[in-house]
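Please read these notes with the model open. They cover aromatic pairs, nonpolar cores and a pocket.

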Amino acid sequence: MTHSPLPACWSADANPQESLLQKDLAAWRDYIALQELVTHLPIGIWLMSPDLKQLFYKSPCCESLWPESLSTETGCFWLRGILAEDAEQVIFSQEQALDQGILQDTVELEYRMVDPQKRTRWVSVRLFPIRNAEGTVEGVAGIGEDITQRKNTEDALKYIIHQQTLVNAIAQRIRRSLEIEAILETTVQEVQNLLLCDRAFLYRLDFDWSGTVVVEALRSPDYSLLGRRLTDTEFIANYVELYQKGRIHVVDDVQQSNLSECYINWLTDLQVRANLVVPVLHDEELWGMLVVQECEQPRPWQAFEVELLQQLAVQVAIAIQQAELLEELKTTNTELQQLATLDSLTQVGNRRSFDEALPREWEKMALSQASLSLVLVDVDFFKAYNDTYGHPAGDECLRAVAQTLRTAVKRSTDLVTRYGGEEFAILLPHTDANGAVQVAGEILSRVRQLKIPHSQSSVSHHISVSVGIVTTIPHPALSYQDFVKRGDQALYEAKHQGRDRMILAEYPDFLD
């Protein structure tokens, strides 16, 4: 088909009865006079009959857009080659604009087609009716252009925005994790889900720059490296300093890379075909690497994927720092709590720890209907000991007695406290009277074995203690205040009966 300036039926010599556009002939002559310009436009322009069945004119660009479709001048050539999944909606939109076979409304179409090279391209087509002064449609003009680049740019932009949204969401999930292990697990799982890679893992470096795969997320369990200790000699020799400065390692295809043969063999042994490595810098030090790999085939890593991994590595570093600060805070709080409930002299619990533990254990034993025992211990004639041997010796004596009490109890739930002055209190949950008596007997024996001289004692030549014991199963008729009071009475009885002994307050006495 030649590129005539005007279709024959629109020429000046045409029979007016054969032309529906005679009145607009001058205008169309002016338009077609611009054919030289149109020839160089990167868009296709064509003129058709109102029913879209006869082609009057096409610009050269149409042939580049639809090279095989223009072998005929009839039919909607712009719909040929369209992908099947786009065809239904495009044809429906075009038919909606037809009324009794005549195009009445402007149609704008965007769809994908396959060109002769089997490439998928995006095409934009606009069809608009040409009307005469009376409003009658006398023809149809069409404009088509290849919008593949624009669509690809739009899709890439949408993908980047989507990726950034995901990164922000992942960062929030990472930061919500308060434990380092949970942070690392969340990171690699999210990376693997996002990039759909074979393997994503975090590699924690040691002091000698070897390291261990601490967490991983996999497409297949066959790719697992978890717990493997990896020593990358080339990394240690050539790349540590670069990674410390933020170097990123991108390899699309290990087998086609310029890496050393030794390094290629090492990566191949680890089932690595494509490799993307981003450093994780914590406090300006190289903590480790966030690694993404393909195991079976090459992968051209995209710039936005590299940037995504960089952003996540930064988030990991921040989260690790927060988790470490939290751990330090927990440790500090624990130490402060211990200081607040620890007697500084004897290093056993103080009176506050006893006052906090008693109501708690009382309630627990009441709920489980279990026995609770209290053992009160008082160092005999301690004032006389201080007066004779001095306060430093007295302090040393109390420390020795306190440690002896600690060795006399066997369970972590038993609580040894300094109740006041030279008096100690031992709280024994889930312990009946027989168990409490056994503990008290152990205390008396072990204190005697200390053989701390006490020349002013009237019951022994060495330090001795008096012990009061009380046991009950807590219930509403009793209170823990009365429980302690009865223990004090038992201790008083032990002193009154000669010291260096134990007295057990029987349970029935409690109800009197």
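1. How many aromatic pairs does the structure hold? There are 11 aromatic pairs, a pair being rings of Phe, Tyr or Trp (its six-membered ring) with centres within 6.5 Å, called stacked with planes under 30 degrees apart, edge-to-face over 60 and tilted for the rest. The model is predicted: local features need pLDDT of at least 70 and side-chain atom pairs pLDDT 80 or more, while totals for chains, interfaces and linings use all residues. Residues are numbered from 1 along each chain as its sequence is written, and side-chain values use heavy atoms, with hydrogens and water left out.

2. Trp46 and Phe77 make an edge-to-face pair, 5.0 Å centre to centre with 70 degrees between the planes. Trp46 is in strand S1 (residues 44-48) and Phe77 in the loop between helix H3 (61-65) and helix H4 (84-96), 31 residues apart; helices (H or I, at least four residues) and strands (E, at least two) are DSSP runs numbered from the N terminus. Trp46 and Phe77 are both buried, where buried means under 20% relative accessible area, exposed over 50% and partly exposed in between (1.4 Å probe, protein chains only). Together with Trp66 and Trp78, they form one aromatic cluster.

3. Phe354 and Tyr419 are also paired edge-to-face, at 5.2 Å centre to centre and 85 degrees between the planes. This pair links helix H10 and strand S15, 65 residues apart in the chain. Phe354 is buried, because its relative accessible area is 1%. Tyr419 counts as buried at 13%.

4. The largest nonpolar core has 31 residues, and Leu184, Val191 and Leu202 are among those with the most contacts inside it. Such a core is a set of buried Ala, Val, Leu, Ile, Met, Phe, Trp, Tyr and Cys residues joined through side-chain atoms within 4.5 Å. Elements giving two or more residues to this core include helix H5 (148-176), helix H6 (180-195) and helix H9 (303-340). H9 gives the most, with 10 residues.

5. Beyond its neighbours within four places in sequence, Leu202 is in contact (heavy atoms within 4.5 Å) with residues including Leu184, Val188, Val280, Trp287 and Leu290. A second, separate core of 29 residues includes Val375, Leu405, Phe424 and Ala436.

6. Which residues lie nearest the centre of the largest pocket? They are Gly349, Ser353, Asp414, Leu415 and Val416, out of 19 lining residues. H10 gives the most to this lining, with 4 residues.

Terms used. On a 1 Å grid over the protein atoms alone, a cavity is a set of points where a 1.4 Å probe fits but cannot get out, and a pocket is an open set with protein on both sides within 12 Å along at least five of seven lines; lining residues have an atom within 4 Å of a point.
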